[in-house]
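Work through the exercises below with the model open. Try each task before you read its solution.

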Amino acid sequence: MLGSSSPCPLDTEFSHQIAALLSPPSPESIKDYYDDLVETRKCPGLRVKFSKESGKAIYATKRFEEGEFVLKDPVLVATQHSANKVDCLVCSYCFRFIGSIELQIGRKLYLQDLGLCDKECKETTSSFPEKVCTRELHDVKNNSICNGSNDIGSSTFRNSKSNSIPTEVLQSLMNGTLSLPHTGLFALPSVFDCPGGCKEEHYCSKTCADSDWESFHSILCTGRNEESAQRDAMLKFIEHANGTNDIFILAAKVISHTILKFRKLKRLRFKENEKRAKLDEMDFSLLLEAWKSISMGFKKRWWDCVALPGDVDPSDEASFRMQIKDLAFTSLQILKEAIFEDECAPLFSLEIYGHIIGMFELNNLDLVVASPVEDYFIYIDDLPSPEKEEAEELTRPLLESLGDEYSVCCQGTAFYPLQSCMNHSCRPNAKAFKRDEDKDGEAVIIAVQPICKGEEITISYIDEDLPYGERQALLADYGFRCMCPRCLEEMPK
Ligand SMILES: [Zn+2]
Ligand SMILES: [Zn+2]
Ligand SMILES: [Zn+2]
C-alpha cells in the first residue's frame, strides 16, 4: 500500500461513510442481488455462488450441450473508445451501429479527411496501462475478405492514406442523397440525437436515448447551460480522459449513475413519508442502496492493483504507482468541478474513485460489435457477375479509400455484471461468442463443451493456446496465479 496521506480532503472528512461504501456486501445480499440478476436476464440454468475464500463463481443448474447458448449479459456501464468513435457511429447506450451503411462510410472518410483519426489513435495509446487498447481486431478480420477473393488483393488496402473521394460525395453519403447498391439489405436504425443537445451522444431509438439520460447522461451531458463553468469542466474532463485513459469516463458514468439512483430513491422515499425532517438521517442509507450494484464488483484501488507495464523498471514501481494515483486525482478534481453534489460527497473522494477504477481494471471486458460495413463489402464481393461489377463501380473507390480500416468494429470497454463473475480456466467450458443476431454491446456466452449440472462455468481471459509460462504471465495482470486443472498438469516440476 502507498503512504496513508491522501491529497484528497474528502478522504478524511467522510472516512466513515467511505468505509461503509467499501465494506464487502454480506453473503445474503450478494446472493439476493445475483439471483435477481439471473432472473432478469432470463437465462435459466445459472447460479452465482459466493464463498469468502474463492469469491464469486457461476455454476450450471442444468446441462448445456456443446455450442449451446448460456448467457446474454447487458452492460452495467460501458463506453466506446474515443479513437473508435471516428470509425463507427453507434448507439451510446446499446452500442448498435446506427444510421446507414452510407452514413457509416461517408462519415468515417469525412472525419479521416479532417485528420481526426491518426491524431486521436496515437493520443489514446499513451503509456498508461490499458489492456483493452492493444487488440488489433481489424487485422485479424481483414483476412476474411482477402482470403479466396483474387479481385480484392490485399495490396489495395495498404496504400490508402490519401482519400480520393470528393467531399461532396462524402456529404451526400452522409445526408442520404446518395445510395449505394444493395444497402437495403443492411438497414440500420435511424439516428436519435441526445435530448440534451450535446451532439456527442447518439442513439438507436428514443428508448435508448431516454434510458441513457435517466441512468447516466443527464449529469454528464455538455449540451445545456452553454456558458456554465460546470460545462467547461465537463469538456475538460472528457478531454483529459481521452488524452490519458478512457477508464475515467467509465468512472464518471458510475458516479453519475449512483447520484441519479440516489435522487430517484430519495423521491420515492419522500413520497412514502411526508416528514421531511427524517430524510437527512436516511440519506446515507439511500446512498448505500444506490451504490449497491457497484459494491458487488469492486476489489482494489487502481494504483495498488494495476499491473506494472513491461517498460517500467521494478525499482521504479513505487513512483509509477504514485504517478497513477496523481493522474486519478487530477481527473477527479476536474470531475468534481463539473458534477459535484453535496449530498453524495463521499462518491467524490479519491478513495472511492480509486476503487471504482480498480474494479474496471480487474473486471473489464472488451466490448466488441462487428461492423455491418464489413458484412456489406463481403456481400458485394460475393455477388455473381455482372451484378458484382456494376455494384463495384460505386463501392470500389470507397473500399480503396477506407483501406485497412474498412472493417473496424465498434470497440470499447464494458463492465458486465454476470460475465465478470465467471472465473478463468485455461481449459474453459464456455466462451464469449457473438452470434449473427447479436448486434449490440451485450456479452454472449456459449458452451464450448458439454457442461454438466452442478459444474462451474469458466471462460478464458487470455489466449489459452499459449504455453504455460506465457499464460501465467498474462494472468498475473489480472491479479492471480492460475491453478486450473490444465495448469496443475503443465506446471514445471
Ligand atoms: Zn440503442
Ligand atoms: Zn448529451
Ligand atoms: Zn490455468
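**Exercise 1: Arg301**

Arg301 counts as buried because it has 25 C-beta neighbours inside 10 Å. The cut-offs are these: buried means 20 or more other C-beta atoms within 10 Å of a residue's own, exposed means 12 or fewer, partly exposed lies in between, and C-beta atoms are placed from the backbone. The model is predicted; local features need pLDDT of at least 70, side-chain atom pairs count only at pLDDT 80 or more, and totals for chains, interfaces and linings use all residues. Residues are numbered from 1 along each chain as its sequence is written, while chains are lettered from A and ligands numbered from 1 in the order in which they are written.

Task: Locate Arg301 and state which residues it touches, not counting those up to four places away in sequence.

Solution. Start with the backbone. Arg301 sits in the loop between α13 (292-295) and α14 (302-305). Helices (H or I, at least four residues) and strands (E, at least two) are DSSP runs, numbered from the N terminus. Next, take the contacts. Arg301 touches Gly354, His355 and Gly358; contact means C-beta atoms, placed from the backbone, within 7 Å.

**Exercise 2: Ala345**

Task: Is Ala345 buried or partly exposed?

Solution. Count first. Ala345 has 15 other C-beta atoms within 10 Å, so it is partly exposed. Ala345 belongs to the loop between α15 (317-339) and α16 (350-363). Beyond four places in sequence, its contacts are Leu10 and Phe14. Leu10 is 335 residues away along the chain, yet the two C-alpha atoms are 7.6 Å apart.

**Exercise 3: Helix α4**

Task: Compare the span of α4 with the expected one, and list its buried residues.

Solution. Helix α4 covers residues 101-113, 13 residues in total. From first C-alpha to last it reaches 18 Å, close to the expected 18 Å; the expected span is 1.5 Å times one less than the number of residues. The buried residues are Ile101, Glu102, Gln104, Ile105, Gly106, Lys108, Leu109 and Gln112. Just after α4, Gly115 has a positive phi of about 80 degrees.

Technical notes
Contact = placed C-beta atoms within 7 Å.
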